[in-house]
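Here is a short briefing on nonpolar packing and aromatic contacts. Keep the structure open while reading.

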Amino acid sequence: MTDIVLQTVARKPTYCLNTYGENQDDPNSDWLNETMLNFISKRKNEINNMQSDEKVGSNLFDILLTLNTPLDPNNYDGSEAPLTDQEICSTITEVSVGGTDTTGNIFCYTIWLLAKHPKVLTHFQKEISEILESARIFTFVPLTPHVSTQESIIRGNHLEANTNFFVGHEIIHKLPEFWENPDEFIPERFLDNEIAKHSFIPFGGGTRICPGKNMSNVELKALLILLFRIYDVELVDKVSEKPNIKYSFFYQCLDMKVVVRPRC
């Protein structure tokens with residue numbers, strides 16, 4: 001039977017715009033930002049010129065455009081300002097990037113870890129905890145920026161109001177007080193033990209937790225089960241301790257070659 005050799009991931013960088021639309025060391029960032037802003041302006045004009053019997057769409061894009069405006073269906077009272085075009089642009093970009101790159105990269109990391117641990121792979125069809133462990137070991141977004149809204153003291157550290165700081169997801173996911181043998185791939189830890197609160201936050205937490213969390217988990221489970229139910233997957237590079245990863249605010253799996261064989 002002929003082996004199928006795939007370059008599983010050969011990803012071009014995804015362009016992520018920050019809140020202020022600055023160039024993030026990528027020549028395509030300005031072009032993408034300008035294109036999206038033009039699209040936002042065009043749709044905003046269409047909404048403003050709608051006839052009285054026409055209704056604004058219920059999609060995310062139209063909701064963002066009409067939020068806190070007289071067209072807002074959620075009882076607009078004028079107490080808050082509408083979103084700026086750049087804020088809408090950044091939100092759409094976050095949803096797009098967060099909804100595709102996270103799933104795609106965690107999918108690659110899980111395949112890599114399963115291929116490196118064949119004993120774990122034999123139990124894969126029964127349990128799906130491997131996805132959680134992959135998200136812990138290869139924390140896709142290692143840092144998230146925050147701003148303190150008021151003066152605070154965190155573990156003895158004094159923060160003035162409006163202080164910029166980062167939450168280190170990757171550090172939290174490797175803390176020995178929460179994770180025994182934190183660098184080892186042990187999916188059973190999510191089955192046999194109660195996970196300490198806030199010790200596993202790949203999707204963030206609180207009121208601003210990633211809205212795509214459930215969708216991402218469903219997609220990953222479906223993709224992985226479909227793949228390993230039909231194929232055996234083997235790494236071409238069995239020596240490297242990690243796949244080829246690039247950090248650009250988040251971890252991108254740039255290249256990972258595997259051999260895929262139909263299961264007997």
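The points below cover the nonpolar cores, then the aromatic rings.

This is a predicted model. Its largest nonpolar core has 25 residues. Seven aromatic pairs turn up in a search of the whole structure.

**Nonpolar cores**
- In the largest core, the residues that touch the most other members are Ile 111, Phe 228, Met 256 and Val 258.
- Three helices each supply at least two residues of this core: H3 (85-116), H5 (129-137) and H8 (213-230).
- Strands E6 (231-235) and E8 (250-262) also supply at least two residues each.
- H3 gives the largest share of this core, with eight residues.
- Another core, of 10 residues, lies apart from the largest one.
- Met 36, Phe 61, Leu 64 and Ile 88 are among the members of that other core.
- In soluble globular proteins, nonpolar side chains tend to be buried together.

**Aromatic pairs and cluster**
- The search of the whole structure finds seven aromatic pairs.
- Phe 190 and Phe 200 have ring centres 5.0 Å apart. Their planes are at 65°, so the pair is edge-to-face.
- Phe 190 lies in helix H7 (residues 189-192), and Phe 200 lies in the loop between H7 and H8. The pair therefore ties together parts that are 10 residues apart in sequence.
- Phe 190 has a relative accessible area of 14%, under the 20% cut-off, so Phe 190 is buried.
- One aromatic cluster is formed by Tyr 109, Trp 112 and Phe 138.

**Charge over a ring**
- Arg 136 places its charged end over the ring of Trp 179, 5.2 Å from the ring centre.

Conventions:
Residues are numbered from 1 along each chain as its sequence is written. This is a predicted model: local features need pLDDT of at least 70, side-chain atom pairs count only at pLDDT 80 or more; totals for chains, interfaces and linings use all residues. Side-chain values use heavy atoms; hydrogens and water are left out. A nonpolar core is a set of buried Ala, Val, Leu, Ile, Met, Phe, Trp, Tyr and Cys residues joined through side-chain atoms within 4.5 Å. Buried means under 20% relative accessible area, exposed over 50%, partly exposed in between (1.4 Å probe, protein chains only). Helices (H or I, at least four residues) and strands (E, at least two) are DSSP runs, numbered from the N terminus. Rings of Phe, Tyr and Trp (its six-membered ring) pair if their centres lie within 6.5 Å; planes under 30 degrees apart count as stacked, over 60 as edge-to-face and the rest as tilted. A charge sits over a ring if NZ of Lys or CZ of Arg is within 6 Å of the ring centre and within 35 degrees of the ring normal.
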